[in-house]
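This briefing concerns the structure shown below.

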Amino acid sequence: MAVFSNPARRDRRQTSSVFITSHALVDEVLTTHDVFSSDEIRYSASEVPHRDNPVLHSMSAMDPPRHHELRRMVGRAFTPRTVDDLTPSIEACALDLLDRLTPASDFVAEFAHPLPIATLAALLGVSDARRADFVRWTDVITSFFGQPEARPDFVTAVAELRDYLLTVPAADGIIAGLRESGLSPDEVVDFAALLLINGHETTKTLLVNTVLCLAGHPAALAELRTDAGHISGTIEEVLRLRPSAGGTDRFTTRAGTLGGQPFAAGERVVVSMAAANRDPAVFSEPNTFDIRRSPNPHLSFGHGIHFCLGAHLARRQAAVALRTMLDRLPGRWTVDDVVTRDSPVGTDVLSLRLTWSR
Ligand code: HEM
């Protein structure tokens, strides 16, 4: 079914919501931003607790024209060149982590969690002296995701991040560029918090899902070993079948119809990228893991004006990680002791053990 009212999503804040699963309609919602707004504070029919939530003040919760202005400003600091400049440090970090990984290690704690944090620290130019603090801020701020109210440790972490970002001499990373880009101090902090929230768990999940997919498909892993040209196709297919963010939401600015179904103003519209990515109208054999799939128009990075700003960085991290893992972890991969927890956007893998042939 493409569109249906979903009582399960009728949480304490929202009077009603619509759940979208077809590729065409998810695409329509994400690209029709004048009707399906990201501005929850303005358009949600119910009161939104937002005072301490930097994400609800960041560009991801804005519509044009302000969204365009902010995206243009941060785009000056966060460019394809930024990703190229980060690549050697991503590679060095991946190799260092893999050198210490043993079959007894928790792959999540020892590889998938620290690699994207180190990348974000390098992106923001966090000094070695504050790395431990940065890891703590990232963990606390990202754990806020999906919570209705800010907890005291979240408020403290945002305050410490704020102090750091606004006072530290910014020699490396994009902070100096952001400060000079015309963003206000509050906007610099909101944007940095958005990068942590959008950029860490998602990339960690992509790394974990890559291992799960390849451990479950030894023929694909063997093919990759003989032809590394399939690395990018593999990552796209992992993103399609196991999107790190299973869905996102919008708020209707007026009444209208979608897929022939009426909706009212102020409704929450939940779009499921996880479902759209398996829409048989777009993907043949949608449940099959196929590293040669082409084209692969998955929606895991969204679409339209809010298309993931970090998609290039996420893809680069996953490609570097996979290349180094193919090199350092030979043979067939086996996954054991997987511990999971359900989250608002899917299932988080908390820990797993990965073994390979020596
Ligand atoms: C937006 C997914 C990694 C920064 C988004 C959106 C999705 C997404 C689906 C759009 C949400 C919407 O339209 O409501 C992912 C996935 C990632 C990933 C699956 C990794 C596998 C990253 C990274 C960064 C990042 C590494 C930065 C370091 C952002 C930002 C936005 C965004 C800033 C907001 C863009 C805007 O509102 O214009 N991401 N993301 N993401 N992402 Fe990512």
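The buried residues of α3 pack against α9 (175-180) and α10 (185-199). The model is predicted: local features require pLDDT of at least 70 and side-chain atom pairs count only at pLDDT 80 or more, whereas totals for chains, interfaces and linings use all residues. Residues are numbered from 1 along each chain as its sequence is written. Helices (H or I, at least four residues) and strands (E, at least two) are DSSP runs, numbered from the N terminus.

**Helix α3**

- Helix α3 comprises 12 residues, 66-77, and spans 17 Å from its first C-alpha to its last; this is close to the 16 Å expected at 1.5 Å a residue, the expected span being 1.5 Å times one less than the number of residues.
- Leu70, Val74 and Ala77 are the buried residues of α3, where buried denotes 20 or more other C-beta atoms within 10 Å of the residue's own, exposed 12 or fewer, and partly exposed in between, with C-beta atoms placed from the backbone.
- Viewed down the axis of α3, these buried residues fall within an arc of 35°, so they line one face of the helix; the arc is that of the directions from the helix axis to the C-beta atoms.
- Exposed residues Arg72 and Gly75 sit on the face of α3 turned away from its buried side.

**Nonpolar cores**

- A nonpolar core is a set of buried Ala, Val, Leu, Ile, Met, Phe, Trp, Tyr and Cys residues joined through C-beta atoms within 7 Å.
- The largest nonpolar core has 74 residues, of which Leu115, Ile141, Ala192, Ala193 and Leu207 touch the most other members.
- Helix α10 supplies the largest share of this core, 9 residues.
- Beyond its neighbours within four places in sequence, Ala192 is in contact (C-beta atoms, placed from the backbone, within 7 Å) with Leu124, Leu161 and Leu165.
- Another core, of 18 residues, lies apart from the largest one and includes Ile20, Val269, Met273 and Ala275.

**Strand pairing**

- Strands β3 (residues 36-37) and β4 (residues 247-252) run antiparallel and are joined by 2 bridges; strands pair if DSSP finds at least two bridges between them.
- Phe36 has Thr252 in β4 as its bridge partner.
- Strand β4 is also joined by 5 bridges to β7 (residues 268-272), again antiparallel, with Gly247 opposite Ser272 in β7.

**Ligand shell**

- Around the ligand are 23 residues, among which Gly199, Thr202, Gly302, Cys308 and Gly310 come nearest; a residue is near if its C-beta atom, placed from the backbone, lies within 6 Å.
- Helix α10 gives the largest share of this shell, 4 residues.

Definitions and conventions. Two residues are in contact if their C-beta atoms, placed from the backbone, lie within 7 Å.
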